Amino acid sequence: MLVYGVALLSACLLLGMLAGQALGLALGIDANVGGVGIAMLLLVISSNSPRFKTLTSGAAAQGIGFWSAMYIPIVVAMAAQQNVAAAASGGLLAVVAGVAAVVVSFALVPILSRLGSRGDDA
Amino acid sequence: MIDLITAVFTRNSLIVAFAVIGATIWLSYFIADKLTAGRIHGSAIAIALGLVAAYWGGTVTGGTKGIADIGLLGGIGLMGGGMLRDFAIVSTAFGVQLGELKKAGLAGVVSIFAGVIVSFVVGAAVAVAFGYTDPIAITTIGAGAVTYIVGPVTGEAIGASGDVITLSVAAGLVKSILVMIGTPLVARSIGLNNPQSAMVFGGLMGTTSGVAAGLAATDPKLVPYGAMTATFYTGVGCLLGPSILYFCVSAVF
């Protein structure tokens, strides 16, 4: 059943969000700490486990695959509702701060990626 | 006639969004194929069109939700809102191998902390360069360079003024939009072509929307890896901003 996959996906997101919210509460901040990341881990674990086979194979897999294929359209809709006007009117300070943070972070990607692969060789 | 269309479209706003976004993506892939001969990815063009539309919507309506503030297109707000976005992001993890995640696990965690601290320091330095000397304002603007959520959370926690908080949100928005547009352009030169570098990338950039759109326009296969680390970033930022980072800034200024 296609809906089994969708239901598994929903369960993973809800559990992840609950865990993320609880983690935020435990740390004393009003934010969801990694809820989506935890949900993704739950989905990875269940899709790699034989116990969840009926929920992750056949038609059920298509139910998850549909949402995965809707990812880019949803991201386009997300881009279309960003507050671009506010970003553009934030003045020079906001633009310089944002651009500088991105440029420095981009530059760090190859450096930290190397750190990861070196750790792997050891 | 106009009333009839308005009534039907507003009552079925999510369906309108599916149709409009579908047409936008068709147009984008057409442009990518015919005008750039496939050099620029169709989804990169679609995201750029979305941002242009968002700018236009924001200027016309004066609202904060881009094109979604235009009545007939309100469904785009639901389609691209947090709920469906997170649902779709999680679905991309289907089929990911646990081994790939473990391989980059440590580098991923390091990159989250490095990303928050580096963006904060850069943002704070820019604030100082623009003449700010008040540690509260410097911290808030630095936190805004982390993400547009960390900025106001930090600012409100340490008692920043409204216009400084607004400035921090604007800095975070600039960052997020630049990551969306810039990622496909720099992907090759920063080695963003495997799960490991995608996890590091997500941890360093941290803006969920920026990473989600940037990786989608670069290589959709990398999305789950980048999104996984990026979702921890804002939480870590909210944790460090009003505490350790603020104390450090206060000690210097």
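How much area is buried between chain B and chain A, and what percentage of that area do carbon and sulfur atoms give? In this predicted model, the area buried between the two chains is about 6,900 Å², and carbon and sulfur atoms give 82% of it. The views below take up the interface, the nonpolar cores, the salt bridges and several individual residues.

**View 1. The interface between chain B and chain A.** The contact involves 91 residues of chain B and 69 residues of chain A. On the chain B side, Phe87(B), Val90(B) and Phe94(B) lose the most area to chain A, and together these residues account for 11% of what that side buries. Helix 10 of chain B, residues 162-186, gives the most to the side of chain B that touches chain A, with 14 residues. By residue class, that side of chain B divides into 61 nonpolar, 25 polar and 5 charged residues.

**View 2. The largest nonpolar core and the surroundings of Tyr71(A).** The largest nonpolar core has 79 residues, and those with the most contacts inside it are Tyr71(A), Ile47(B) and Phe201(B). Helix 5 of chain A, which spans residues 71-80, gives the most to this core, with 9 residues. Setting aside residues up to four places away in sequence, Tyr71(A) touches Ala88(B), Ile89(B) and Thr92(B), and also Ala212(B), Ala213(B), Ala216(B) and Val223(B). A second, separate core comprises 17 residues, among them Ile29(A), Phe120(B), Ile138(B) and Cys238(B).

**View 3. Helix 5 of chain B and the pair Arg85(B) and Asp86(B).** Helix 5 of chain B, residues 82-91, is mostly covered, with 8 of its 10 residues buried. The buried residues of this helix are Leu84(B), Arg85(B), Asp86(B), Phe87(B), Ala88(B), Ile89(B), Val90(B) and Ser91(B). Within this stretch, Arg85(B) forms a salt bridge with Asp86(B), for which the closest N and O atoms are 3.1 Å apart, and both Arg85(B) and Asp86(B) are buried.

**View 4. Two further salt bridges in chain B.** Over all chains, the structure holds 3 salt bridges. Asp33(B) forms one of them with Lys34(B), where the closest N and O atoms lie 3.9 Å apart; Lys34(B) counts as exposed because its relative accessibility is 56%. Another joins Asp219(B) to Lys221(B), with the closest N and O atoms 4.0 Å apart. In this pair, Asp219(B) is partly exposed, with a relative accessible area of 24%, while Lys221(B), at 66% relative accessibility, counts as exposed.

View 5. Thr208(B) is placed in helix 12 of chain B, residues 208-218, and counts as buried because its relative accessible area is 16%, the limit for a buried residue being under 20%. Apart from neighbours within four places in sequence, Thr208(B) is in contact with Arg85(B), Ile89(B) and Ala230(B); of these residues, Arg85(B) and Ile89(B) are listed among the buried residues of helix 5 of chain B. Thr234(B) is found in helix 13 of chain B, residues 223-252, and is likewise buried, with a relative accessible area of 13%. Again leaving aside neighbours within four places in sequence, Thr234(B) is in contact with Thr147(B), Ile149(B), Val150(B) and Gly206(B).

View 6. From Gly65(A) to Leu2(A), the C-alpha to C-alpha distance is 10.0 Å, at a separation of 63 residues in sequence.

Note on methods
Residues are numbered from 1 along each chain as its sequence is written. Chains are lettered from A and ligands numbered from 1 in the order in which they are written. This is a predicted model: local features need pLDDT of at least 70, side-chain atom pairs count only at pLDDT 80 or more; totals for chains, interfaces and linings use all residues. Side-chain values use heavy atoms; hydrogens and water are left out. A nonpolar core is a set of buried Ala, Val, Leu, Ile, Met, Phe, Trp, Tyr and Cys residues joined through side-chain atoms within 4.5 Å. Buried means under 20% relative accessible area, exposed over 50%, partly exposed in between (1.4 Å probe, protein chains only). Helices (H or I, at least four residues) and strands (E, at least two) are DSSP runs, numbered from the N terminus. Contact means heavy atoms within 4.5 Å. Buried area is the accessible area (1.4 Å probe) that two parts lose on being put together, summed over both. Ala, Val, Leu, Ile, Met, Phe, Trp, Tyr, Cys and Pro count as nonpolar, Asp, Glu, Lys and Arg as charged, and the others, Gly among them, as polar. A salt bridge is a side-chain nitrogen of Lys or Arg within 4 Å of a carboxyl oxygen of Asp or Glu.
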